[in-house]
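Student: I would like to work through a structure feature by feature. Please give the idea behind each feature, then the case at hand.

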Amino acid sequence: MKNKAMKLARVEMELSQEALAKRVGVTRQTISMIEAGKFNPSLRLCLDICHALGKTLDDLFWEEDSQ
């Protein structure tokens with residue numbers, strides 16, 4: 001599942017994938033894969049991303065049941 005919330009938060013802060021990646025200590029490709037739903041980040045990386053974007057885990061990584 002694509003992470004639209006993370007991408008939106010990043011764009012709202014006017015950060016490129018590269019800039020966010022540098023803030024959290026990963027590669028741009030990792031950020032791209034998380035946003036595309038092709039990589040499941042560790043809890044530590046999720047927390048680092050949330051901190052960098054000023055969001056909570058619920059804001060960026062919580063998936064609502066689609067039932």
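Student: Is Glu14 buried or exposed?

Tutor: Keep in mind throughout that this is a predicted model. Glu14 has a value of 73%, so it is exposed. It sits in the loop between α1 and α2. Its backbone also deserves a look: phi is positive, about 55°, although Glu14 is not a glycine.

Student: Where is Leu15, and what does it touch outside its sequence neighbourhood?

Tutor: Leu15 is in the loop between α1 and α2. Leaving aside neighbours within four places in sequence, Leu15 is in contact with Arg10, Arg23 and Leu53. At 10% relative accessibility, Leu15 counts as buried, whereas Glu14 is exposed at 73%.

Student: How far apart are Leu15 and Phe39?

Tutor: There are two separations to quote, one along the chain and one in space. For this pair they are 24 residues in sequence and 20 Å from C-alpha to C-alpha.

Student: Next, the overall fold. How many helices and strands are there?

Tutor: The protein has 5 helices and 0 strands. Along the sequence the pattern reads α-α-α-α-α.

Student: What box do the C-alpha atoms fill, and what share of the residues is buried?

Tutor: Along the principal axes, the C-alpha atoms fill a box of roughly 35 × 20 × 20 Å. Of the 67 residues, 31% are buried. The accessible surface comes to about 4,800 Å², and 50% of it belongs to carbon and sulfur atoms. Sequence separation of contacts is another summary: among contacts with a separation of 6 or more, residues 24 or more positions apart account for 48%.

Student: Which residues touch the most other members in the largest nonpolar core?

Tutor: A core of this kind is a set of buried nonpolar residues joined through side-chain atoms. The largest one has 14 residues, and those touching the most other members are Met6, Leu20, Val24, Ile31, Ile49, Leu53 and Leu60. The elements giving two or more residues to this core are α1 (4-12), α2 (17-24), α3 (28-35) and α4. Helix α4 gives the largest share, 5 residues.

Student: What does Ile49 touch?

Tutor: Not counting residues up to four places away in sequence, Ile49 touches Met6, Val24, Ile31, Ile34, Leu60 and Phe61.

Student: Is Thr30 buried or exposed?

Tutor: The cut-off matters for this residue: buried means under 20%. Thr30 has a relative accessible area of 19%, so it is labelled buried. It belongs to helix α3. Beyond four places in sequence, Thr30 touches Phe39 and Leu45.

Student: How many salt bridges does a search of the whole structure find?

Tutor: The search finds 2. One is between Arg10 and Glu35, with the closest N and O atoms 2.7 Å apart. Arg10 is in helix α1 and Glu35 in helix α3, so this pair ties together parts 25 residues apart in sequence. Arg10 is buried at 7% relative accessibility, and Glu35 is also buried, at 7%.

Student: What is the closest N to O distance between Asp48 and Arg44?

Tutor: In that salt bridge the closest N and O atoms are 3.0 Å apart. Asp48 and Arg44 are 4 residues apart in helix α4, which means a separation of about one helical turn. Asp48 is partly exposed at 25% relative accessibility, while Arg44 is exposed at 52%.

Student: Finally, which residues make the nonpolar surface patch?

Tutor: A nonpolar patch joins nonpolar side chains that have over 30% relative accessible area. Leu43, Leu47 and Leu57 make one of about 240 Å². Leu47 is located in helix α4 (residues 43-53). With a relative accessible area of 33%, Leu47 is partly exposed.

How values were computed: Residues numbered from 1 in each chain as written. Predicted model: local features only at pLDDT ≥ 70, side-chain atom pairs only at ≥ 80, totals over all residues. Heavy atoms only, no water. Patch = residues over 30% accessible without salt bridge, like charges linked within 9 Å, V, L, I, M, F, W, Y side chains within 5 Å. Areas by Shrake-Rupley, 256 points an atom, 1.4 Å probe, with all protein chains shown as cover. Salt bridge = Lys/Arg side-chain N within 4 Å of Asp/Glu carboxyl O. Buried < 20%, exposed > 50% of the residue type's maximum accessible area, 1.4 Å probe, protein only. Core = buried A, V, L, I, M, F, W, Y, C linked by side-chain atoms within 4.5 Å. Contact = heavy atoms within 4.5 Å.
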